Amino acid sequence: MDKLPVLQKLASTKGSLAKIFKAISDPPTTSLQRLKGLTTGGLPTFIDVGNSFGAPAIVEDNLIYQLVQNGKRVVMMGDDTWLQLFPHHFEKSYPFPSFNVKDLHTVDNGCIDHLLPSLYEEDWDVLIAHFLGVDHAGHIFGVDSTPMIEKLEQYNGVLENIIEVLESQSGPGGLHENTFLLVMGDHGQTLNGDHGGGTAEEVETSIFAMSLKKTPSSLPPELNGSFCEPHLDSSEILDKEKMCINSIQQLDFAVTISAMLGIPFPFGRGG
């Protein structure tokens with residue numbers, strides 16, 4: 001997340017309720033299989049890769065199904081793969097075509113058009129916005145390319161706007177008093193933009209988590225039992241403060257979110 005300084009700054013602020021995690025996924029690291037893994041808590045197989053173009057709906061128990069069954073209103077925008085996997089689950093959806101790898105902007109612009117206005121609405125409990133431009137930029141130009149950097153700079157600006165809206169309405173009785181923000185990738189990429197396998201570049205990604213709920217203090221270090229890797233960020237914005245980057249398994253995502261929201265765990269979860 002070096003190119004998303006707004007998130008690094010929040011996570012490095014003393015007493016902040018924001019944290020960055022290294023998330024480890026399981027191969028295959030194609031988007032459809034990672035979405036399936038994130039929502040079911042299970043392990044997709046390489047056989048599933050054949051379904052990446054024209055994905056069948058998920059029939060096993062999953063996080064999205066449990067959300068809907070327990071009265072949560074789910075709104076989705078962005079990558080239309082979500083609608084293929086969950087065709088009847090969303091209160092509202094704004095899908096955009098995802099398989100034109102040369103198109104860096106259609107999906108992202110669609111998300112931007114609908115995301116910020118949705119933050120002022122009260123008709124959702126869970127909002128999913130799946131941006132795609134960085135994935136396509138990596139495939140076409142590589143991860144160190146100018147288009148990739150431009151995309152990340154665009155995302156940083158979008159995140160600044162999102163966080164500004166959330167924080168402005170996070171006070172007692174505010175619309176986002178209890179909002180929890182997650183910013184994450186479903187997989188990584190090799191230097192030339194490929195993914196699907198099990199190399200470190202492909203399976204490692206990041207999760208930024210931030211609670212808008214005001215609490216008396218942050219969790220004391222002695223109560224945080226997870227392993228911590230001291231991380232020195234390259235950005236001068238942070239004045240070279242050390243951040244703790246904990247590693248978590250992407251397999252645990254569905255169970256963790258279910259527990260936070262008080263809904264049943266997906267039946268076939270492995271996490």
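The model is predicted. Helix H7 spans residues 146-168. H7 packs with helix H5, with helix H1 and with helix H6. The structure also holds four salt bridges and a nonpolar surface patch of about 390 Å².

**Helix H5 against H7**

- Helix H5 covers residues 106-118.
- The axes of H5 and H7 come within 11 Å and cross at roughly 10°.
- Angles under 35 degrees count as roughly parallel, so H5 is roughly parallel to H7.
- H5 brings Asp-108, Asn-109, Ile-112, Leu-115 and Leu-116 to the contact.
- H7 answers with Lys-151, Gln-154, Tyr-155, Val-158, Asn-161 and Ile-162.
- By class, six of these residues are nonpolar, three are polar and two are charged.

**Helix H6 against H7**

- Helix H6 runs over residues 133-141.
- The axes of H6 and H7 come within 9 Å, crossing at roughly 170°.
- Angles over 145 degrees count as roughly antiparallel, so H6 is roughly antiparallel to H7.
- On the H6 side, the contact uses Gly-133, Val-134, Ala-137, Gly-138 and Phe-141.
- On the H7 side, it uses Pro-147, Met-148, Lys-151, Leu-152 and Tyr-155.
- The contact of H6 with H7 has seven nonpolar, two polar and one charged residues.
- Lys-151 and Tyr-155 of H7 take part in the contact with H5 and in the contact with H6.

**Helix H1 against H7**

- Helix H1 is made of residues 5-12.
- H1 and H7 pack at an angle of about 45°, and their axes are 8 Å apart.
- That angle makes H1 oblique to H7.
- Pro-5, Val-6, Leu-7 and Leu-10 are the H1 residues in the contact.
- They meet Asn-156, Leu-159, Glu-160, Ile-163 and Glu-167 of H7.
- Here the classes are six nonpolar, one polar and two charged residues.

**Nonpolar surface patch**

- Phe-180, Leu-182, Met-184, Met-260 and Leu-261 make the patch.
- Strand E5 (180-184) and helix H9 (253-261) each give two or more residues to the patch.
- E5 gives the most, with three residues.
- Leu-261 lies in helix H9.

**Salt bridges**

- The structure has four salt bridges.
- One of them joins the side chains of Lys-36 and Glu-60, at 3.8 Å from N to O.
- This pair links distant parts of the chain, 24 residues apart.
- Lys-36 sits in helix H2 (residues 31-40).
- Glu-60 sits in the loop between H2 and helix H3 (63-69).

**Cis peptide bond**

- The peptide bond from Pro-27 to Pro-28 is cis.
- Its omega is near 5°.
- Pro-28 lies in the loop between strand E1 (18-24) and H2.

Note on methods: Residues numbered from 1 in each chain as written. Predicted model: local features only at pLDDT ≥ 70, side-chain atom pairs only at ≥ 80, totals over all residues. Heavy atoms only, no water. Axes fitted to C-alpha atoms, helices over the stretch in contact; angles between N-to-C directions. Helix = DSSP H or I, 4+ residues; strand = E, 2+ residues; numbered from the N terminus. Parallel < 35°, antiparallel > 145°, perpendicular 65-115°, else oblique. Contact = heavy atoms within 4.5 Å. Nonpolar A, V, L, I, M, F, W, Y, C, P; charged D, E, K, R; others polar. Patch = residues over 30% accessible without salt bridge, like charges linked within 9 Å, V, L, I, M, F, W, Y side chains within 5 Å. Areas by Shrake-Rupley, 256 points an atom, 1.4 Å probe, with all protein chains shown as cover.
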